[in-house]
Amino acid sequence: MEVTKSQQDPVMHSDIVSGSEEKLMLTSKQEVEQLLKNLPDNSSHEDIQYHLYVLEKIRRGKLSIAQDGGAEEDEARVRLNKWLNP
């Protein structure tokens, strides 16, 4: 299997488990290892896939905010109201 550059790049990760806001540089593999370590032993493949999906969505969101900036508070409220009050 060929590994692309994006798969090798470390990602910024907050150490949420210990409660500290210290930023750690983790590779994708290290991030998955940490996820597996924190999941219960009886986690299904589906549980693991879901958590990986959520981590990827968070990573992409952080990257998008870093590159393009985030929504202003007023814009975020309007968007959330559309979702919460259809």
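Tutor: Begin with burial: a residue is buried under 20% relative accessible area, exposed over 50%, and partly exposed in between, with a 1.4 Å probe and protein chains only. In this chain, buried residues make up 12% of the 86 residues. The model is predicted, so local features need pLDDT of at least 70 and side-chain atom pairs pLDDT 80 or more, while totals for chains, interfaces and linings use all residues. Residues are numbered from 1 along each chain as its sequence is written, and side-chain values use heavy atoms, without hydrogens and water.

Student: Which secondary structure pattern does the protein chain follow?

Tutor: Helices (H or I, at least four residues) and strands (E, at least two) are DSSP runs, numbered from the N terminus. Here there are four helices and two strands, in the order α-β-β-α-α-α.

Student: At roughly what angle do the axes of α2 and α3 cross?

Tutor: Axes are lines fitted to C-alpha atoms, for helices over the stretch in contact, and angles run from 0 to 180 degrees between N-to-C directions. Helix α2 (residues 28-38) and helix α3 (residues 45-68) have axes that come within 11 Å and cross at roughly 135 degrees. Therefore α2 is oblique to α3; angles under 35 degrees count as roughly parallel, over 145 as roughly antiparallel, 65 to 115 as roughly perpendicular, and the rest as oblique.

Student: Which residues make the contact?

Tutor: Contact means heavy atoms within 4.5 Å. From α2 come E31, V32, L35 and L36, and from α3 come I48, H51, L52 and L55.
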